[in-house]
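I opened this model to look around the ligands first and the helices after that. These are my notes, in the order I made them.

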Amino acid sequence: MNRHQLPVLNGRVAESSIYADGTRKKIEPAPVHGPYDRARHVVFSVLVAIWVLLPIVPINGHPALFLDVEHRRFFVLGGTFTPQDFWLVFFLASGVGFGLVYATAVLGRVWCGWGCPQTVFTETFFRPIERLTKKKHWLRHILFFLIAAGIAHVFVAYFVSIRALWTMMLGSPTKHPEAFAWMLALTGLFYGNFAFFREQLCVVLCPYGRLQSVLLDDDSLVIAYDEKRGEPRGKKGQTTGDCVDCRRCVVVCPTGIDIRNGLQMDCIACTACIDACDEIMDKLDRPRGLIKYQHGKILRPRVILYSVLMAIGATVFFFATRTRTDFEATLLRQPGPPFVREESGLRNGFVVHVANKTSAPKTYLLEPEPDAGTQYILPMSSVEVAAMSDARVPVFVTAPSDLHGKPKVRIRVRSGEETRVVEAVFLGGS
Ligand code: SF4
Ligand code: SF4
């Protein structure tokens with residue numbers, strides 16, 4: 001087999017971004033114009049604006065999205081979350097994953113073609129720059145690098161806040177070496193991806209792309225070539241099919257495939273081939289839609305099952321977030337032996353851990369609820385906890401040496417209307 005030869009399937013060249021010997025075919029798709037292209041660019045602009053504004057626009061006094069990993073607090077669309085709310089991540093992760101499965105079953109690869117950052121950034125910034133700098137590769141790569149750095153800065157702003165990012169940008173990198181290292185690494189990663197790796201991310205690396213064969217079914221929305229209408233293909237007047245074999249749908253494809261070979265894993269449903277073929281059909285005065293969106297039954301058992309599961313998940317999430325509280329309290333045993341036997345009796349040491357999950361300082365009242373035979377020594381009956389912070393208050397509980405059983409150690413923690421009762425077991429009794 002020759003090097004740089006595309007595989008042949010059923011007598012036809014299987015257009016692809018990878019040659020039969022595994023080497024890469026460089027894809028530089030031709031520009032395309034049409035209603036889908038225009039609609040996609042509107043969607044891309046909105047998405048880029050949202051992604052850029054998320055760390056800038058404040059909601060409830062904090063950026064709309066600020067994942068403050070350093071201080072373990074997370075601000076998401078006006079909500080404040082702490083590590084104690086980590087269990088909600090389960091719903092978030094499974095909800096996003098399931099949402100994608102659901103959307104794929106109904107709408108096919110709409111995410112890949114219309115919403116994935118890989119597609120959005122490539123088509124909004126990198127592809128136009130590439131076309132404008134065909135003969136100036138040095139300029140192309142400078143611009144690529146600058147755009148990659150811009151994306152990296154926005155990404156880092158999600159984790160350090162826009163204000164901190166701005167301060168860092170004005171200061172010397174030696175004052176914030178960690179953030180600077182992240183910035184460099186991300187810029188390099190984005191530059192390498194968007195300048196060189198490109199469609200290979202979708203074709204080779206993306207797990208979602210690899211799962212398409214199980215996520216799609218015969219009724220999903222896909223972009224398809226109307227074979228009955230198009231074949232036999234050939235020059236105008238020489239065959240009866242509507243496809244004039246101009247290959248325009250192939251040269252505009254960002255993953256380098258030929259949609260006339262049927263639905264392929266490499267198709268990211270970008271709609272470029274629809275616009276390209278419609279342009280040709282217009283010129284030939286033939287009806288549009290030789291390549292088009294196509295779907296079967298929308299309501300089918302799989303989709304109904306997914307809808308029911310989505311509804312259950314959304315309901316559970318709704319109630320889970322409603323029962324979320326403004327503070328957490330736990331009673332921990334102090335390190336060391338579980339109990340101490342002294343002349344005066346038995347002693348157990350505990351720590352009340354209080355986490356304030358709100359954006360304002362709060363005072364928490366600690367009220368012991370002694371069980372039979374136990375006495376409490378609390379160095380403070382209230383504790384002030386700063387916003388998004390936590391505090392620990394030691395508690396000693398004593399009991400007579402001849403204590404029988406394991407009485408409960410119970411402390412009521414109160415702030416305003418909210419109350420939590422934390423409890424543990426007193427150890428050392430016979
Ligand atoms: S653009 Fe349309 S007419 Fe041209 S090769 Fe593709 S399917 Fe055939
Ligand atoms: S086949 Fe068409 S829809 Fe699929 S990636 Fe290529 S141009 Fe986009």
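**Ligand 2.** I began here, keeping in mind that the model is predicted. I looked up the shell and found 14 residues around ligand 2. The closest are C253, I259, C267, C270 and C273. I then sorted the shell by class. It holds 12 nonpolar residues, 2 polar ones and no charged ones.

**Ligand 1.** Next I asked which residues are closest to ligand 1. They are C243, C246, R248, C249 and C277, in a shell of 15 residues. Two elements give two or more residues to this shell: helix 12 (248-251) and helix 13 (272-284). Helix 13 gives the most, with 3 residues. By class I noted 10 nonpolar, 1 polar and 4 charged residues around ligand 1.

I checked the loop between helix 11 (227-230) and helix 12, where P232 lies. The peptide bond from E231 to P232 is cis, with omega near -10 degrees. R247 is found in the loop between helix 11 and helix 12 too. Its phi is near 65 degrees, a positive value in a residue other than glycine.

**Helix 2.** I tested the length of this helix, residues 87-107. At 1.5 Å a residue, its 21 residues should span 30 Å. The end C-alpha atoms are 30 Å apart, so the two values agree. Just after helix 2 I came to G108, which takes a positive phi of about 65 degrees.

**Helix packing.** I turned to pairs of helices. Two packed helices are described by the angle between their axes and the distance between the axes. I looked up both for each pair.

**Helix 4 with helix 5.** Helix 4 covers residues 117-132 and helix 5 covers residues 137-160. They pack at an angle of about 160 degrees, with their axes 9 Å apart. Angles over 145 degrees count as roughly antiparallel, and helix 4 and helix 5 are therefore roughly antiparallel to each other. Helix 4 passes helix 5 in a right-handed crossing. From helix 4, the contact uses F121, F125, F126, I129 and E130. From helix 5, it uses R140, L143, F144, I147 and I151. I counted classes here as well: 8 nonpolar, no polar and 2 charged.

**Helix 1 with helix 4.** Which way does helix 1 lie against helix 4, roughly parallel or roughly perpendicular? Helix 1 (residues 35-53) packs on helix 4 at an angle of about 105 degrees, with the axes 10 Å apart. The two helices are therefore roughly perpendicular to each other. F44, L47 and V48 of helix 1 make the contact with V120, E123 and T124 of helix 4. The residues of this contact divide into 4 nonpolar, 1 polar and 1 charged.

**Helix 5 with helix 6.** My last pair joins helix 5 to helix 6 (residues 162-170). Their axes come within 7 Å and cross at roughly 120 degrees. That makes helix 5 oblique to helix 6. I listed H153, V156, A157 and V160 in helix 5, which meet I162, A164 and L165 in helix 6. This contact has 6 nonpolar residues, 1 polar and no charged.

Technical notes
Residues are numbered from 1 along each chain as its sequence is written. Chains are lettered from A and ligands numbered from 1 in the order in which they are written. This is a predicted model: local features need pLDDT of at least 70, side-chain atom pairs count only at pLDDT 80 or more; totals for chains, interfaces and linings use all residues. A residue is near a molecule or strand if its C-beta atom, placed from the backbone, lies within 6 Å of it. Ala, Val, Leu, Ile, Met, Phe, Trp, Tyr, Cys and Pro count as nonpolar, Asp, Glu, Lys and Arg as charged, and the others, Gly among them, as polar. Axes are lines fitted to C-alpha atoms, for helices over the stretch in contact, and angles run from 0 to 180 degrees between N-to-C directions. Helices (H or I, at least four residues) and strands (E, at least two) are DSSP runs, numbered from the N terminus. Angles under 35 degrees count as roughly parallel, over 145 as roughly antiparallel, 65 to 115 as roughly perpendicular and the rest as oblique. A crossing is left-handed if the near helix is turned anticlockwise from the far one by less than a right angle, and right-handed if clockwise. Two residues are in contact if their C-beta atoms, placed from the backbone, lie within 7 Å. The expected span of a helix is 1.5 Å times one less than its number of residues.
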